[in-house]
2 protein chains.
Amino acid sequence: MSGVFKALSDPTRRRVLQLLRKRPMTAGELSDHFAVSKPTMSAHFAALREANLVHAEKSGKSITYHLRLSVLEDALMGFAQTFGLGADADDAQAETKPTDTKEEIPS
Amino acid sequence: MSGVFKALSDPTRRRVLQLLRKRPMTAGELSDHFAVSKPTMSAHFAALREANLVHAEKSGKSITYHLRLSVLEDALMGFAQTFGLGADADDAQAETKPTDTKEEIPS
DNA sequence: ACAATAGTTAGATGTTTAGCTAAATATCAA
DNA sequence: TTGATATTTAGCTAAACATCTAACTATTGT
(Lines give C-alpha, C1' and ligand atoms only; values in the text may rest on other atoms or scores of the structure.)
Protein backbone atom coordinates (compact mmCIF):
# COMPACT_ATOMS: atom_id res chain seq x y z
CA MET A 1 0.00 0.00 0.00
CA SER A 2 2.63 2.51 1.04
CA GLY A 3 4.74 1.21 -1.79
CA VAL A 4 2.11 2.02 -4.37
CA PHE A 5 1.57 5.58 -3.12
CA LYS A 6 5.29 6.09 -2.82
CA ALA A 7 5.71 4.95 -6.39
CA LEU A 8 2.94 7.32 -7.48
CA SER A 9 4.47 10.24 -5.62
CA ASP A 10 7.10 10.72 -8.30
CA PRO A 11 6.09 12.47 -11.55
CA THR A 12 8.51 10.47 -13.66
CA ARG A 13 7.06 7.22 -12.42
CA ARG A 14 3.51 8.43 -12.95
CA ARG A 15 4.37 9.31 -16.53
CA VAL A 16 5.94 5.91 -17.05
CA LEU A 17 2.69 4.31 -15.99
CA GLN A 18 0.76 6.58 -18.34
CA LEU A 19 3.01 5.61 -21.21
CA LEU A 20 2.49 1.94 -20.43
CA ARG A 21 -1.23 2.46 -20.48
CA LYS A 22 -1.10 2.48 -24.30
CA ARG A 23 1.18 -0.48 -24.82
CA PRO A 24 4.02 -2.37 -23.17
CA MET A 25 7.38 -0.77 -23.80
CA THR A 26 11.00 -1.61 -23.24
CA ALA A 27 13.13 0.12 -20.64
CA GLY A 28 15.00 1.91 -23.40
CA GLU A 29 11.89 3.12 -25.16
CA LEU A 30 10.53 4.45 -21.90
CA SER A 31 13.84 6.09 -21.02
CA ASP A 32 13.79 7.99 -24.31
CA HIS A 33 10.84 9.98 -23.00
CA PHE A 34 12.80 11.40 -20.08
CA ALA A 35 15.78 13.62 -19.58
CA VAL A 36 17.48 11.51 -16.94
CA SER A 37 20.20 8.89 -17.14
CA LYS A 38 19.56 5.21 -17.75
CA PRO A 39 20.59 4.21 -14.24
CA THR A 40 18.15 6.71 -12.81
CA MET A 41 15.39 5.26 -14.95
CA SER A 42 16.46 1.81 -13.90
CA ALA A 43 15.90 2.83 -10.29
CA HIS A 44 12.44 4.17 -11.15
CA PHE A 45 11.59 0.88 -12.82
CA ALA A 46 12.74 -0.95 -9.73
CA ALA A 47 10.40 1.16 -7.60
CA LEU A 48 7.51 0.37 -9.90
CA ARG A 49 8.40 -3.33 -9.89
CA GLU A 50 8.57 -3.40 -6.11
CA ALA A 51 5.15 -1.77 -5.89
CA ASN A 52 4.04 -4.47 -8.31
CA LEU A 53 2.65 -1.82 -10.63
CA VAL A 54 4.54 -3.19 -13.61
CA HIS A 55 5.66 -6.58 -14.80
CA ALA A 56 9.06 -7.02 -16.42
CA GLU A 57 9.58 -9.46 -19.23
CA LYS A 58 13.06 -10.04 -20.49
CA SER A 59 13.46 -11.12 -24.08
CA GLY A 60 16.81 -10.95 -25.74
CA LYS A 61 18.67 -7.77 -25.00
CA SER A 62 15.73 -5.79 -23.81
CA ILE A 63 13.23 -5.83 -21.02
CA THR A 64 9.63 -5.08 -21.75
CA TYR A 65 7.52 -3.52 -19.05
CA HIS A 66 3.82 -4.13 -18.82
CA LEU A 67 1.38 -2.11 -16.75
CA ARG A 68 -0.39 -4.09 -14.06
CA LEU A 69 -3.61 -2.16 -14.19
CA SER A 70 -5.36 -4.41 -11.68
CA VAL A 71 -2.82 -3.60 -8.99
CA LEU A 72 -3.20 0.11 -9.61
CA GLU A 73 -6.95 -0.28 -9.55
CA ASP A 74 -7.00 -2.28 -6.34
CA ALA A 75 -4.79 0.18 -4.53
CA LEU A 76 -6.43 3.34 -5.78
CA MET A 77 -10.03 2.25 -5.70
CA GLY A 78 -9.65 0.16 -2.61
CA PHE A 79 -8.30 3.09 -0.70
CA ALA A 80 -10.89 5.44 -2.18
CA GLN A 81 -13.63 3.13 -1.05
CA THR A 82 -12.58 3.30 2.56
CA PHE A 83 -13.60 6.95 2.27
CA GLY A 84 -16.88 6.22 0.61
CA LEU A 85 -15.42 7.48 -2.64
CA GLY A 86 -15.35 5.45 -5.78
CA ALA A 87 -17.81 3.50 -7.85
CA ASP A 88 -21.32 4.62 -6.98
CA ALA A 89 -23.32 7.84 -6.89
CA ASP A 90 -22.75 11.24 -5.36
CA ASP A 91 -24.71 12.42 -2.35
CA ALA A 92 -26.05 10.56 0.68
CA GLN A 93 -28.22 7.42 0.64
CA ALA A 94 -27.72 6.51 -3.01
CA GLU A 95 -24.96 4.00 -2.45
CA THR A 96 -24.65 0.29 -3.01
CA LYS A 97 -23.09 -0.41 0.32
CA PRO A 98 -24.31 2.06 2.99
CA THR A 99 -20.84 3.64 3.30
CA ASP A 100 -20.78 1.54 6.45
CA THR A 101 -20.39 2.51 10.04
CA LYS A 102 -17.50 0.29 11.00
CA GLU A 103 -13.95 0.83 12.09
CA GLU A 104 -11.54 0.36 9.22
CA ILE A 105 -7.98 1.42 9.70
CA PRO A 106 -5.65 1.50 6.72
CA SER A 107 -2.28 -0.19 6.49
CA MET B 1 -0.60 16.01 -7.34
CA SER B 2 2.75 14.71 -6.16
CA GLY B 3 2.01 16.29 -2.82
CA VAL B 4 -1.14 14.27 -2.35
CA PHE B 5 0.50 10.97 -3.18
CA LYS B 6 3.47 11.88 -1.04
CA ALA B 7 1.14 12.57 1.83
CA LEU B 8 -0.64 9.28 1.25
CA SER B 9 2.61 7.34 1.13
CA ASP B 10 2.93 7.42 4.91
CA PRO B 11 0.80 5.02 6.97
CA THR B 12 0.47 7.45 9.88
CA ARG B 13 -0.89 10.13 7.60
CA ARG B 14 -3.29 7.70 5.95
CA ARG B 15 -4.60 6.72 9.36
CA VAL B 16 -5.01 10.36 10.32
CA LEU B 17 -7.19 10.87 7.27
CA GLN B 18 -9.22 7.81 8.16
CA LEU B 19 -9.77 9.13 11.67
CA LEU B 20 -10.87 12.45 10.25
CA ARG B 21 -13.35 10.67 8.06
CA LYS B 22 -15.64 10.23 11.07
CA ARG B 23 -15.40 13.70 12.52
CA PRO B 24 -13.04 16.65 12.79
CA MET B 25 -10.51 16.25 15.57
CA THR B 26 -7.92 18.38 17.28
CA ALA B 27 -4.21 17.82 16.83
CA GLY B 28 -4.02 16.47 20.35
CA GLU B 29 -6.87 14.03 19.92
CA LEU B 30 -5.32 12.73 16.73
CA SER B 31 -1.90 12.45 18.33
CA ASP B 32 -3.34 10.27 21.07
CA HIS B 33 -3.91 7.57 18.50
CA PHE B 34 -0.25 7.27 17.63
CA ALA B 35 2.91 6.26 19.39
CA VAL B 36 5.02 9.14 18.15
CA SER B 37 5.91 12.49 19.67
CA LYS B 38 3.76 15.58 19.27
CA PRO B 39 6.33 17.36 17.11
CA THR B 40 6.43 14.39 14.79
CA MET B 41 2.66 14.48 14.51
CA SER B 42 2.84 18.20 13.92
CA ALA B 43 5.08 17.52 10.94
CA HIS B 44 2.60 14.99 9.59
CA PHE B 45 -0.18 17.54 9.94
CA ALA B 46 1.93 20.02 8.05
CA ALA B 47 2.35 17.54 5.21
CA LEU B 48 -1.40 16.98 5.07
CA ARG B 49 -2.04 20.72 5.15
CA GLU B 50 0.41 21.34 2.34
CA ALA B 51 -1.27 18.67 0.26
CA ASN B 52 -4.50 20.48 1.07
CA LEU B 53 -5.99 17.24 2.33
CA VAL B 54 -7.00 18.79 5.63
CA HIS B 55 -8.14 22.18 6.81
CA ALA B 56 -6.91 23.56 10.11
CA GLU B 57 -9.16 25.64 12.30
CA LYS B 58 -7.74 27.28 15.34
CA SER B 59 -10.08 27.93 18.21
CA GLY B 60 -8.74 28.72 21.60
CA LYS B 61 -5.86 26.55 22.61
CA SER B 62 -6.44 23.83 20.14
CA ILE B 63 -6.47 23.34 16.41
CA THR B 64 -9.17 21.28 14.84
CA TYR B 65 -8.42 19.44 11.66
CA HIS B 66 -11.09 18.74 9.08
CA LEU B 67 -10.80 16.28 6.23
CA ARG B 68 -11.05 17.84 2.81
CA LEU B 69 -12.73 14.92 1.14
CA SER B 70 -13.16 16.72 -2.16
CA VAL B 71 -9.43 17.20 -2.56
CA LEU B 72 -8.79 13.55 -1.86
CA GLU B 73 -11.52 12.61 -4.28
CA ASP B 74 -10.25 14.86 -7.05
CA ALA B 75 -6.72 13.57 -6.75
CA LEU B 76 -7.55 9.91 -6.41
CA MET B 77 -10.40 9.67 -8.84
CA GLY B 78 -8.93 12.15 -11.27
CA PHE B 79 -5.78 10.14 -11.52
CA ALA B 80 -7.69 6.86 -11.68
CA GLN B 81 -9.71 8.19 -14.57
CA THR B 82 -6.67 8.86 -16.69
CA PHE B 83 -6.30 5.08 -16.62
CA GLY B 84 -9.89 4.40 -17.48
CA LEU B 85 -10.45 3.34 -13.89
CA GLY B 86 -13.08 4.86 -11.70
CA ALA B 87 -16.76 5.57 -11.89
CA ASP B 88 -18.31 3.32 -14.50
CA ALA B 89 -18.54 -0.39 -15.28
CA ASP B 90 -15.99 -3.18 -15.53
CA ASP B 91 -15.06 -4.58 -18.94
CA ALA B 92 -14.75 -2.94 -22.35
CA GLN B 93 -17.43 -0.86 -24.13
CA ALA B 94 -19.69 -0.28 -21.12
CA GLU B 95 -18.36 3.14 -20.22
CA THR B 96 -19.96 6.55 -20.03
CA LYS B 97 -17.15 8.34 -21.76
CA PRO B 98 -15.40 6.12 -24.33
CA THR B 99 -12.22 6.07 -22.19
CA ASP B 100 -11.01 8.41 -24.92
CA THR B 101 -8.10 8.07 -27.24
CA LYS B 102 -6.26 11.24 -26.42
CA GLU B 103 -2.88 12.05 -24.98
CA GLU B 104 -3.05 12.90 -21.32
CA ILE B 105 0.17 13.14 -19.44
CA PRO B 106 0.13 13.52 -15.67
CA SER B 107 1.81 16.27 -13.75
C1' DA C 1 36.56 -13.50 -30.39
C1' DC C 2 35.09 -8.60 -30.85
C1' DA C 3 32.33 -4.93 -30.80
C1' DA C 4 27.78 -2.95 -30.24
C1' DT C 5 23.54 -2.63 -27.66
C1' DA C 6 20.46 -2.97 -23.44
C1' DG C 7 20.23 -2.77 -18.66
C1' DT C 8 22.00 -3.08 -14.05
C1' DT C 9 25.34 -2.51 -10.20
C1' DA C 10 28.65 0.27 -7.58
C1' DG C 11 29.85 4.20 -5.48
C1' DA C 12 29.44 9.19 -4.64
C1' DT C 13 26.79 13.43 -3.65
C1' DG C 14 23.09 16.40 -2.24
C1' DT C 15 18.26 16.50 -0.65
C1' DT C 16 14.34 14.93 1.83
C1' DT C 17 12.12 12.51 5.41
C1' DA C 18 10.75 10.57 9.96
C1' DG C 19 11.94 10.61 14.22
C1' DC C 20 13.70 12.59 18.70
C1' DT C 21 14.39 16.27 22.71
C1' DA C 22 14.33 20.85 24.22
C1' DA C 23 12.72 25.32 23.80
C1' DA C 24 9.46 28.79 22.07
C1' DT C 25 4.70 30.63 21.36
C1' DA C 26 -0.12 31.20 22.32
C1' DT C 27 -4.20 30.83 25.02
C1' DC C 28 -6.65 30.55 29.13
C1' DA C 29 -7.42 30.34 34.16
C1' DA C 30 -6.22 31.70 38.83
C1' DT D 1 1.86 37.38 36.63
C1' DT D 2 2.30 32.68 37.11
C1' DG D 3 1.03 28.24 35.72
C1' DA D 4 -1.07 24.78 32.81
C1' DT D 5 -2.26 23.20 28.26
C1' DA D 6 -1.81 22.83 23.13
C1' DT D 7 0.93 23.10 19.32
C1' DT D 8 4.90 24.63 16.65
C1' DT D 9 9.86 25.74 15.82
C1' DA D 10 14.77 24.65 16.21
C1' DG D 11 18.29 21.65 15.91
C1' DC D 12 19.86 17.13 15.56
C1' DT D 13 20.49 12.06 13.66
C1' DA D 14 19.79 8.24 10.71
C1' DA D 15 17.83 6.43 6.84
C1' DA D 16 15.96 6.86 2.27
C1' DC D 17 15.93 9.11 -2.31
C1' DA D 18 17.12 11.01 -6.86
C1' DT D 19 20.68 11.84 -9.42
C1' DC D 20 25.18 11.27 -11.64
C1' DT D 21 29.46 8.72 -13.92
C1' DA D 22 32.00 4.64 -14.51
C1' DA D 23 32.16 -0.04 -14.72
C1' DC D 24 29.99 -4.46 -15.24
C1' DT D 25 26.85 -8.39 -17.30
C1' DA D 26 24.25 -10.27 -20.88
C1' DT D 27 22.89 -10.78 -25.62
C1' DT D 28 23.45 -10.62 -30.44
C1' DG D 29 25.65 -9.69 -34.96
C1' DT D 30 29.97 -9.99 -37.59
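In strand E3 of chain A, A:Ile63 is the bridge partner of A:Lys58. Strands here are DSSP runs (E) of at least two residues, helices are DSSP runs (H or I) of at least four residues, and both are numbered from the N terminus. The model is predicted: local features need pLDDT of at least 70, side-chain atom pairs count only at pLDDT 80 or more, and totals for chains, interfaces and linings use all residues. Residues are numbered from 1 along each chain as its sequence is written, while chains are lettered from A and ligands numbered from 1 in the order in which they are written.

**Chain A**

Chain A has 5 helices and 3 strands, and its elements follow the order α-α-β-α-α-β-β-α from the N terminus. Of its 107 residues, 24% are buried (20 or more other C-beta atoms within 10 Å of the residue's own, with C-beta atoms placed from the backbone). Two residues are in contact if their C-beta atoms, placed from the backbone, lie within 7 Å. Among contacts in chain A between residues at least 6 apart in sequence, 49% join residues at least 24 apart.

The 3 strands form an open sheet in the order E1-E3-E2, with antiparallel pairing. E1 (25-26) and E2 (54-59) of chain A are the edge strands; each has a single partner strand, so one side of each lacks a neighbour in the sheet. Two strands pair if DSSP finds at least two bridges between them; E2(A) and E3(A) (residues 62-67) are joined by 6 bridges. Helix H2 (residues 11-22) of chain A lies across E1, E2 and E3 of chain A and runs at about 90° to E3(A). Such angles run from 0 to 180 degrees between N-to-C directions, with axes fitted to C-alpha atoms, for helices over the stretch in contact.

**Chain B and DNA strand D**

In chain B, 23 residues are in contact with 23 residues of chain A. On this side of chain B, helices H1 (2-8), H2 (11-22) and H5 (69-81) each give two or more residues. H5(B) gives the largest share, 6 residues.

DNA strand D is surrounded by 21 residues, counted as near when the C-beta atom, placed from the backbone, lies within 6 Å of the strand. The closest are A:Gly60, B:Gly28, B:Pro39, B:Ser42 and B:Ser62.

Technical notes
Buried ≥ 20, exposed ≤ 12 C-beta atoms within 10 Å, placed from the backbone.
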